[in-house]
Structures are given as structure tokens and as C-alpha cells.
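Subject: Structure handover

Hello,

I am passing on the structure we spoke about, with my notes below it. Please look through both when you have time.

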Amino acid sequence: MGHVLENAAMQIPVFLFAIVIHEWGHAWMAKVFGDDTAERQGRLTLNPMAHIDPMGTVFFPLLLLFIGSTVFGWAKPVPVSVRNLKDPRRGLFWVSFAGPGMNLAAGILSALVLAVIVHFSSGLDESGGYSITIIKMLKFSVIINFILAFFNLIPLHPLDGSKMLPRFLNYEWMRKYERFCQHGQMILMGLVLLSFVGLPVFNILLYPAFFLADYLPRLFLGIIG
């Protein structure tokens with residue numbers, strides 16, 4: 001139980017920050033393209049209370065903590081009125097990318113800060129106090145942000161990637177993709193269930209997240225050192 005509480009104390013703040021900047025990114029980009037729906041509904045904010053979803057922000061992350069997994073989840077989707085966007089097709093692409101984009105930026109920045117701290121704390125062991133705690137939290141920040149980014153880039157409804165892919169499709173393929181997206185939520189649930197029974201579906205889909213989480217801190221550490 002103590003291990004679970006320790007993990008919760010380090011992962012939950014990181015996770016909350018990651019999903020908040022994700023949703024803030026969507027809301028901010030929507031405003032840039034002319035839609036202030038999210039702002040009017042109080043979602044253009046870094047206050048976590050505005051973004052909390054009982055299932056995705058509370059129950060599911062706690063379940064993962066208790067089974068010893070890295071915290072993952074989601075927040076309430078930011079409302080976007082596509083008809084208000086200056087250029088609906090282009091605008092929807094960038095509004096959708098802004099959330100994962102914020103997580104990519106946060107993951108890269110966390111990896112850089114992690115490398116700097118590790119470089120100057122190279123002699124510390126597990127009794128190293130605050131530095132060790134910060135290092136662990138930064139490691140969680142790297143992996144959680146990259147997982148959130150690449151998971152949301154999967155082109156399955158209702159994930160962000162499903163609103164980005166049509167930007168590159170012609171009319172005929174876009175109509176086919178829209179029909180496919182009608183089953184996206186069911187497919188996504190099936191993939192989640194397969195993962196829970198032991199098939200490494202998301203280990204494959206999220207390989208770029210795991211690769212970057214391992215590679216970038218070492219890359220930055222090599223540059224600094």
C-alpha cells in the first residue's frame with residue numbers, strides 16, 4: 001500500500017498537469033482559429049477542476065495505480081464549434097493537434113530538465129532526497145506526456161488523430177473514413193480489452209512514445225556531458 005501511495009504522490013500531479021495542458025491546447029488553438037466556444041464555457045484555463053472527468057481523470061487512473069501500471073486517462077473533451085473556425089478543415093486539424101502537441105512539448109522539456117538534473121546529481125543514490133524525487137517525477141512526466149500524445153494521435157474516433165487524418169484525404173477517401181469512424185469507439189474498446197488480457201496491442205501502437213521516453217533523456221545527457 002505504501003508503494004501505491006508513493007507512486008500516486010509522484011504520478012497524479014504529473015498526470016493532471018499533462019491532461020490540463022492537453023485540453024488547454026485544444027481550447028487555445030480553437031480561439032486562434034476563431035472559435036471561442038471553449039473559452040465561453042470556462043475551458044480555456046489551467047484549473048484542473050474545469051477539465052476533470054470522473055471516469056477518465058479519477059477512476060481509471062486510480063485503477064491503473066492499484067494494478068501497478070503507469071497512470072493514464074483523459075479529461076472532458078473541449079467543445080469546438082467547427083462552423084466558427086475561419087478555415088474549418090485546416091482549423092480542425094490544428095485544433096486537434098494542439099492537445100497532443102502540448103504533450104509532446106512537455107515530454108521533450110521534461111526529458112531535457114531530467115538530463116540536466118541527472119548530470120548535476122550523478123553521485124546521488126536512492127537516499128538522495130528531493131533530487132531523487134524530482135528525477136522520478138520527471139521520468140513519469142516524460143513517459144506520461146509521450147503516451148498521451150501518441151495515444152491521442154491514433155486515427156480512431158473519438159481520438160484527436162481521427163480529426164487530423166481527413167486533412168490529407170480526398171473527398172472519396174474522406175467519406176470512406178467517416179464510415180469507418182462510426183465503429184472507432186468500439187474498435188478502441190476492443191483494443192483496450194485485448195491489452196488487459198495480455199496482448200501487447202498498445203505496446204506496439206505506442207512504441208514511438210516508449211522509444212522517445214527512453215532515448216531523449218539519454219540524448220540530452222550525452223549532449224550536456
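This is a predicted model: local features need pLDDT of at least 70, side-chain atom pairs count only at pLDDT 80 or more; totals for chains, interfaces and linings use all residues.

Aromatic contacts

Searching the whole structure gives 10 aromatic pairs. In one of them, the ring centres of Phe-93 and Trp-94 are 5.1 Å apart and the planes meet at 90°, so this pair is edge-to-face; the angle is over the 60 degrees needed for that label. Trp-94 also pairs with Phe-97: here the centres are 5.9 Å apart and the planes are at 85°, so this pair is edge-to-face as well.

Trp-94 and Phe-97 both belong to helix α4 (residues 88–120), where they sit 3 residues apart, or about one helical turn. In general, an α-helix has 3.6 residues a turn, so residues three or four places apart point the same way.

Phe-93, Trp-94, Phe-97 and Phe-168 are linked by ring pairs into a cluster.

A contact of another kind involves Trp-173: Lys-176 lies over the face of this ring, at 4.6 Å from the ring centre.

Helix α10

Helix α10 spans residues 207–224, which is 18 residues. From its first C-alpha to its last, helix α10 reaches 26 Å, close to the 26 Å expected at 1.5 Å a residue. Which residues of α10 are buried? They are Ala-209, Ala-213, Leu-216, Pro-217 and Phe-220.

Nonpolar surface patch

Met-55, Phe-59, Leu-63, Ile-67, Trp-74 and Phe-196 make up a nonpolar surface patch of about 600 Å². Helix α3 (residues 54–66) supplies the largest share of this patch, with 3 residues. Phe-196 is located in helix α8 (residues 184–196). With 47% relative accessibility, Phe-196 counts as partly exposed, because exposed would require over 50%.

When you open the model, the Phe-93, Trp-94, Phe-97 and Phe-168 cluster and the nonpolar patch that includes Phe-196 are the places to start.

Regards

Technical notes. Residues are numbered from 1 along each chain as its sequence is written. Side-chain values use heavy atoms; hydrogens and water are left out. Rings of Phe, Tyr and Trp (its six-membered ring) pair if their centres lie within 6.5 Å; planes under 30 degrees apart count as stacked, over 60 as edge-to-face and the rest as tilted. Helices (H or I, at least four residues) and strands (E, at least two) are DSSP runs, numbered from the N terminus. A charge sits over a ring if NZ of Lys or CZ of Arg is within 6 Å of the ring centre and within 35 degrees of the ring normal. The expected span of a helix is 1.5 Å times one less than its number of residues. Buried means under 20% relative accessible area, exposed over 50%, partly exposed in between (1.4 Å probe, protein chains only). Patches are made of residues with over 30% relative accessible area and no salt bridge: like charges are joined within 9 Å, nonpolar side chains (Val, Leu, Ile, Met, Phe, Trp, Tyr) within 5 Å. Accessible areas come from the Shrake-Rupley method with a 1.4 Å probe; for residues, only the protein chains shown count as cover. A salt bridge is a side-chain nitrogen of Lys or Arg within 4 Å of a carboxyl oxygen of Asp or Glu.
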